[in-house]
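Hi,

Here is the structure I promised to pass on.

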Amino acid sequence: MSSQPVPGPVGRPRGRRLPAIFRYEGWQGLIFIAPAVVLLGGLVAYPLVWTIVYSFGDTNSKLDIVRWVGLDNYERLFTKDKVFLDRDVFPPDGALVNNLKWGVLYTTFSLAFGLLIAILAARVRYESLVKAVIFVPMAIAATAIAIIWKLVYEPDPDLGVANAVATGVFNTDPIVFLGRADTVNYAIIFAYVWASTGFAMVVLSAALKGIPEEIIEAARTDGANEWNIFRRIQFPLLSLPMAVVTVWLTINVIKLFDVIYVMTRGGPGTSSEVIATQMYDETFLNGEGGYGAAIAVVMLLLILPLMAYNVSRFRTERVVT
Amino acid sequence: MSVAAETLARPRATPAERLSRFVARTPVHIALLAIAVVWLVPTAGLAITSIRPRDEIQATGWWTSFNDFAFTLHNYDLVLDNAQMGSSFVNSIIITVPSTLLPLTIGAMAAYAFSWIRFPFRDTIFLLIVALMVVPIQMALVPLLRLFRDLGLNDWYLGIWLAHTAFGLPLAVFLLRNFFITLPRDLIEAARVDGASNLRIFARVVLPLSVPALASYGIFQFLWVWNDLLMALVFISDSDLFPMTKRITEMQGTYGAEYHLLASGAFLLMIVPLIVFFALQRYFVQGLLAGSVK
Amino acid sequence: MRRKLMLPIAALAALALGLGACGGDGGGGTKEGTGTITIFSLWGGSEQEAFQKVLTQFTKDTGIKTKYESARDFLPVIRTRLAADNPPQMAIIPRPGFVAELAKDDVLISLEDLGLDADKINEQYSDTWTNLTTVDDTVYGVVAKANSKSTVWYKPNSFQQNNFQVPTTWNDLVNITKQYKAKGKTPWAAGAQGDENSWTLTDWFEQIYARQAGPDKYKQLFETGEVKFNDPSVKAAIDEMVKIVNDQYMAGGIDTVLGISFVDSIGRVFGKNPKAEMLYEGGFVGGIAINQVNPGLKPGTDIDFFKFPSISEQVDVVGGGDVAAAFVNNEDVAKLMEYLSTPEAGEIWVSTGAIASPNESVPESAYPNELVKKEARQLKEAKSFLFDGSDLLPGTLGQNFGTLLQNIVKNPGDKDKLLDDYQAQAEQAGFGSA
């Protein structure tokens, strides 16, 4: 749709009944987008600005600002708040670091499983059945996913299947996956990988199928083996869809809230706290609206590069089409 | 589809060839089977737990239940009635339907303008809207709460409808505009030459041709709102209005790990999205691909 | 067509213009009621049913309807509703520290403003309780419910089988713990998962600290901040606490303690498939165990409690109380507030076995079983009563104290550093600097 001059209607019989001002097509366009713009302006952009303003203040229990504190909230967040960022230990710890762990592990594993399943499933007749099984968790609420996996991880081997396997097959003591600081993050990450693999699989599977059969056949005729075909032909062609999935999953990580809220509330201690759960707790549990706003601003700043990528992708795309 | 195409394209294999191909693929079959088991077991565990009596749940694992075969729907009775999941089910519908239809309508209107009407700053405004797509809800929670307070919208569903609508709009505009611009230009210009107004072209030409895109977005937004917890936590305060997500977290707080209630509650929460998903899977996947790969 | 379109747009524009408008509490006196009172607290399940009986009687007497709402996550919900200007008309607040905060933020209605005679109401309560509702000499509510938290729950028949005597000293209790363990049993269970359940650990600490460091230091630690959180007395109490709260003696180890909720821990001791022998938590454990977790329990044989054993200092009871307070000023609310302070309401409530009443005029005969009778007696006869300290800590310190203890029981070796950090937090919040 690079440039499409849409000729405006002239001298229509219907047009006569309208005031002249409406005959200018630009007004009609503005009217069509007005509800969207008003809603987005009033309920997204305007609050966004306010949250930034909030982050420079302190609030009372009604979340009204009672005084301005300048950059204190940010200073506290990055230098004094060990729940958010603990630099006294090595490697550093805290909600921000947990989000980083999530970003790396959750994204990598969702992509890897998604790709693996897309490739394997393409080789069997029951492809659609396998894909449906993997994809179904996409429709399930994070709240339900949390309950499903809480049951899996129950410490009692007569209740949780993970510990039934651990004690029955591997003969270990029951592992309290959600009660140990060294397992809790990985346990929740795995649960969420389980839920998101379907997305990566569907996108990558579609991209794989989009690769023209002739290219692959030609390579086969040239004597390339399956691995080389994957590495030299399919994988490079998958780089764009993989990047897109990665961006989508990373945004997911930064916004991550429900599954942790329901599974552990950030516990044990603050081991599984992430930015979004801490933002909620600071604001609504502790009544520190200004401090919570500062955390929300950090979330936004983390998302900005992804937003830039989305917008630029859209721009190049326009040139292409 | 592709499976069928593949078998047609190849010359008919002899049984021996087929067998050897099958054997060669045995590792693939085993790997897929293992993956399918890992993906099915957690949900199956929840489903089975939800129909086991409380005493059984506390005494033995759900995987042993095929031995004694004691199943009951009593948990659903309890959770629907005493735990108020029944009324929450209705609340979830009341929250979700307008929160899906509003952004669909408003978003489609805007998307039409961005595709087929020329007006000043069109592309700039569109880019701004696309940029808003990833703004986290956290950036708006407290100001929205106060805005709704000033407007008196906090004691009913109005606030959460508007909040979901606003945060669902960028994706609606983006997805639908991408679809609308692929419609044949001749068709729209022919309508214009016939003297149809923009509203008429939108309603009579563009919308009917865009059912797949509208359905894709509709499913997305429906699942998103139905599954949302954060907005419900903040914008729904009256316990008679709780949607299911919020009710389940509340149940968990009150009763702890009483899985006869939690499992049946969670299953009720899942059932509508699963029906929507299976019935409209095609649109869902299309929308997903349109929104991500395009 | 286009005109029709203008209407919704105009409506949206109006909405947008309304952004700047501002709401606010019109002061004024007691207004006429609306016929329905919304009342909010954190009790669900059996505790909710018990309170509902009181409300039902109130409706029968006055014709005013009530709507009970609850959330285990009391603080986030009440703050959200205050920010939304949609508070419940009344709430039963579990943390007196929060009553003070709300009173200072000017969102609570005092008894006087409700048109009630605060002095007359307070006559029925001892100072321990009225202190909780009084902020800067103004009375903001009534203590609806009292808890002893100096109650250790055990199984009398199991004690009998093993020839254990009810312990009166801390060392006795540690000995019983060791003997249970030696016999291959798991002595204890606890549930302290997340923000919602970490209070079970603060309760453990408070019982021990009060009895080891004494009431004066206890008050200096939690109320005035004169004793620092990294004081040797605090460390000594933690050393005692981890003699029991450790991997060895807790069902499933500390990981499980930090991985399950308070209600689940009751199930682990008194459920149908029990895994442990004793549970330390407040008087409300009995009600939840019998009314919700396992209705088959027989008080006195399957379940009973003894007073938290003494260490070196004389303290009878460390306990808590929930304050009924009003956010809306109307006649209906005033009536319910007054009703909750009457012995009649107290009698109905205690008859459910869920609570003990702080109201001194509620007769002992109103209690349905020996367990709650004993708890009420313990409260009434206490010569020295200390209030749940972490509930008195201001602002976020109360919640963070729970997190602190979660971290300490997990890694007792880190306690010095963790306590230093917490003390720094307290000082930053201005606690104890006055």
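First a convention: two strands count as paired if DSSP finds at least two bridges between them. Helices (H or I, at least four residues) and strands (E, at least two) are DSSP runs, numbered from the N terminus. By that rule, strand β1 (residues 57–59) of chain A pairs with strand β2 (residues 65–68) of chain A in the antiparallel sense, over three bridges. One bridge joins A:Gly57 to A:Trp68 in β2(A). Five residues sit between the strands of this hairpin, and A:Leu63 has a positive phi there, near 65 degrees.

Before the rest, some housekeeping. This is a predicted model, so to speak of a local feature I need pLDDT of at least 70, side-chain atom pairs count only at pLDDT 80 or more, and totals for chains, interfaces and linings use all residues. Residues are numbered from 1 along each chain as its sequence is written, while chains are lettered from A and ligands numbered from 1 in the order in which they are written.

On confidence, I looked at chain B. Its mean pLDDT (the predictor's confidence in each residue, from 0 to 100) is 85, and 94% of the residues of chain B reach 70 or more. Helix α7 (residues 85–116) of chain B does best, with a mean of 93, and helix α1 (residues 2–9) of chain B does worst, with a mean of 45. The pLDDT is below 50 over residues 1–9 of chain B, and that stretch has three contacts in the model beyond near neighbours in sequence. A contact here means that the C-beta atoms of two residues, placed from the backbone, lie within 7 Å. Where pLDDT is low, the predicted coordinates should not be read in detail.

Now the interfaces. Between chains A and B, the contact takes 83 residues from chain A and 87 from chain B. On the chain A side, α2(A) gives the largest share, 18 residues. That side has 64 nonpolar, nine polar and ten charged residues. The classes are: Ala, Val, Leu, Ile, Met, Phe, Trp, Tyr, Cys and Pro nonpolar; Asp, Glu, Lys and Arg charged; the others, Gly among them, polar.

Between chains A and C, 33 residues of chain A are in contact with 35 of chain C. On the chain A side, the elements giving two or more residues are α2 (25–54) and α13 (275–285) of chain A, and α2(A) gives the most, with seven. By class, this side has 16 nonpolar, eleven polar and six charged residues.

What about the core? The largest nonpolar core has 326 residues, and A:Ile145, A:Val259 and B:Ala266 touch the most other members. Such a core is a set of buried Ala, Val, Leu, Ile, Met, Phe, Trp, Tyr and Cys residues joined through C-beta atoms within 7 Å. Buried means 20 or more other C-beta atoms within 10 Å of a residue's own, C-beta atoms being placed from the backbone. Helix α8 (residues 184–209) of chain A supplies the largest share of this core, 16 residues. Leaving out residues up to four places away in sequence, B:Ala266 touches A:Ala144, A:Ile147, A:Ile148, B:Leu46 and B:Ile248.

Last, chain C. It has 20 helices and twelve strands, and 54% of its 434 residues count as buried. Four of the strands form an open, mixed sheet in the order β8-β9-β7-β10 (chain C). Its edge strands are β8 (188–189) and β10 (304–307) of chain C, each pairing on one side only. Strand β7 (residues 151–154) of chain C pairs with β10(C) in the antiparallel sense over four bridges, and C:Phe305 in β10(C) is the bridge partner of C:Trp153.

Cheers

Technical notes:
Buried ≥ 20, exposed ≤ 12 C-beta atoms within 10 Å, placed from the backbone.
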